Amino acid sequence: MRVKIGLKCSESGDINYTTTKNSKTTTEKVELSKYCPRLKKHTVHKETKLKS
């Protein structure tokens, strides 16, 4: 089952991206290096829950 997740910047605290993940195969939290428009640089974005 795919679930919607948000990617939150670890430095600014903004949720800049949304995506989906397969909760059965990927049980750990997702961490990706993405661009943060507020800081104007690439930072680590961590998975957060979205309001349904």
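Mentor: Let us settle one term before anything else: buried means under 20% relative accessible area, exposed means over 50%, and partly exposed is what falls in between, all with a 1.4 Å probe and protein chains only. This is a predicted model, in which local features need pLDDT of at least 70 and side-chain atom pairs count only at pLDDT 80 or more, while totals for chains, interfaces and linings use all residues. Residues are numbered from 1 along each chain as its sequence is written, and side-chain values use heavy atoms, with hydrogens and water left out.

Trainee: Okay, cysteines first. Is C9 buried or exposed?

Mentor: C9 counts as buried, because its relative accessibility is 3%. C36 also counts as buried, with a relative accessibility of 0%.

Trainee: And how many disulfides does the structure hold?

Mentor: The structure holds zero disulfides, a disulfide being a pair of cysteine sulfur atoms within 2.5 Å. For C9 the nearest cysteine sulfur is that of C36, and it is 3.8 Å away, so by that cut-off C9 is in no disulfide.

Trainee: Let's switch to the fold. In what order do the strands of the sheet run?

Mentor: The order is β2-β1-β4-β3, four strands in an open sheet with antiparallel pairing. Strands here are DSSP runs (E, at least two residues; helices would be H or I, at least four), numbered from the N terminus, and two strands pair if DSSP finds at least two bridges between them.

Trainee: Which strands sit at the edges?

Mentor: The edge strands are β2, residues 15–22, and β3, residues 31–36, each of which pairs on one side only.

Trainee: How many bridges are there between β1 and β2?

Mentor: β1 and β2 pair in the antiparallel sense over seven bridges, and K4 stands opposite T20 in β2. The hairpin of these two strands has five residues between them, and there G13 takes a positive phi near 85°.

Trainee: What about the pairing of β1 with β4?

Mentor: Strand β1, residues 2–9, pairs with strand β4, residues 41–49, also in the antiparallel sense, over five bridges. K8 has K46 as its bridge partner in β4, and the cysteine we discussed, C9, has H45 as its partner in that strand.

Trainee: New topic: how many salt bridges does the count come to?

Mentor: The count comes to three, where a salt bridge is a side-chain nitrogen of Lys or Arg within 4 Å of a carboxyl oxygen of Asp or Glu. One of them joins K41 and E11, whose closest N and O atoms are 3.5 Å apart. That pair links distant parts of the chain, with K41 in strand β4 and E11 in the loop between β1 and β2, 30 residues apart.

Trainee: How accessible are K41 and E11?

Mentor: K41 is partly exposed, with a relative accessible area of 41%, whereas E11 is exposed at 51%.

Trainee: Which residue does D14 meet in a salt bridge?

Mentor: The side chain of D14 meets that of R38, at 3.2 Å from N to O. D14 lies in the loop between β1 and β2 and R38 in the loop between β3 and β4, so this pair ties together parts that are 24 residues apart in sequence. R38 is exposed, with a relative accessible area of 58%.

Trainee: And where do K21 and E47 lie?

Mentor: These two form a salt bridge, the closest N and O atoms of K21 and E47 being 3.1 Å apart. K21 lies in strand β2 and E47 in strand β4, so the pair ties together parts that are 26 residues apart in sequence. K21 counts as buried at 10% relative accessibility, and E47 is buried with a relative accessible area of 13%.
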